[in-house]
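Dear colleague,

Please find the structure below, handed over for your study. A short account of the findings follows it.

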Amino acid sequence: MFRKWLSGVYLPVMAFTYVMFLAAGANAAPVENIQITEPRVRAMPPGSPNTAAYLTIKNLGKSDIALVKADSPVAESVMLHDNVKKNGKMSMVHQHSVTIPAGKRVKFKPGGLHIMIMGLNKNLTIGEMVPLELHFSNGKVLNVKAPVKKQVTEKGNLSG
Ligand SMILES: [Cu+2]
């Protein structure tokens, strides 16, 4: 009787709890030390191959942390870029990682650091929430949803 109860009810409950724990863990654990604010994706005309995401990352921890990779299901590839002035001309430079020093915050913004979203597999509409997966140097992965917004400041080049 007990065994039947165990296999029939208890185990699925355990499995469910475990799944919930994992789901919560993906978001809850890093939130203690990493705070993401103002996530947004730049609205682009239909048919545009690329866009960019911006956000602010605050490191509430006592040691430096780095954003090492970003991913999104809406595009073929996602890279970390910075806009750097070279010979009087702005150009995008691929960043292998972006360090957020302990206690500090780093802003990804138009004309500066941005998350380059390349090879869009769909048109993004204003207000749509774009899932972004942020991988950090401590192995933590943070999932955020960034709304598609019209670019407010038009600085630098198209994607910056
Ligand atoms: Cu770029």
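I begin with strand S1, in which Glu38 is found; helices (H or I, at least four residues) and strands (E, at least two) are DSSP runs, numbered from the N terminus. Please note that this is a predicted model, in which local features need pLDDT of at least 70, side-chain atom pairs count only at pLDDT 80 or more, and totals for chains, interfaces and linings use all residues. Residues are numbered from 1 along each chain as its sequence is written.

Glu38 has a positive phi of about 50°, although it is not a glycine. Most residues other than glycine have a negative phi. Glu38 counts as exposed because it has 12 C-beta neighbours inside 10 Å. By definition, a residue is buried if 20 or more other C-beta atoms lie within 10 Å of its own, exposed if 12 or fewer, and partly exposed in between, with C-beta atoms placed from the backbone.

A positive phi of about 50° is also found at Asn87, again not a glycine. Asn87 lies in the loop between S4 and strand S5 (89-94), and it is exposed, with 5 other C-beta atoms within 10 Å.

The largest nonpolar core has 28 residues, of which Ala53, Ile115, Ile117 and Leu132 touch the most other members. Such a core is a set of buried Ala, Val, Leu, Ile, Met, Phe, Trp, Tyr and Cys residues joined through C-beta atoms within 7 Å. Among the elements that give two or more residues to this core are strand S1 (34-42), strand S2 (50-59) and strand S8 (114-120). S2 provides the largest share, five residues. Not counting residues up to four places away in sequence, Ile117 touches Asn50, Ala53 and Val78, among others; contact requires that the C-beta atoms of two residues, placed from the backbone, lie within 7 Å.

The pairing of strands also deserves attention. S3 and strand S6 (residues 98-100) run antiparallel and are joined by three bridges; two strands pair if DSSP finds at least two bridges between them. In this pair, Leu67 stands opposite Val98 in S6. S3 and S9 also run antiparallel, with four bridges joining them, and Asp71 stands opposite Glu133 in S9.
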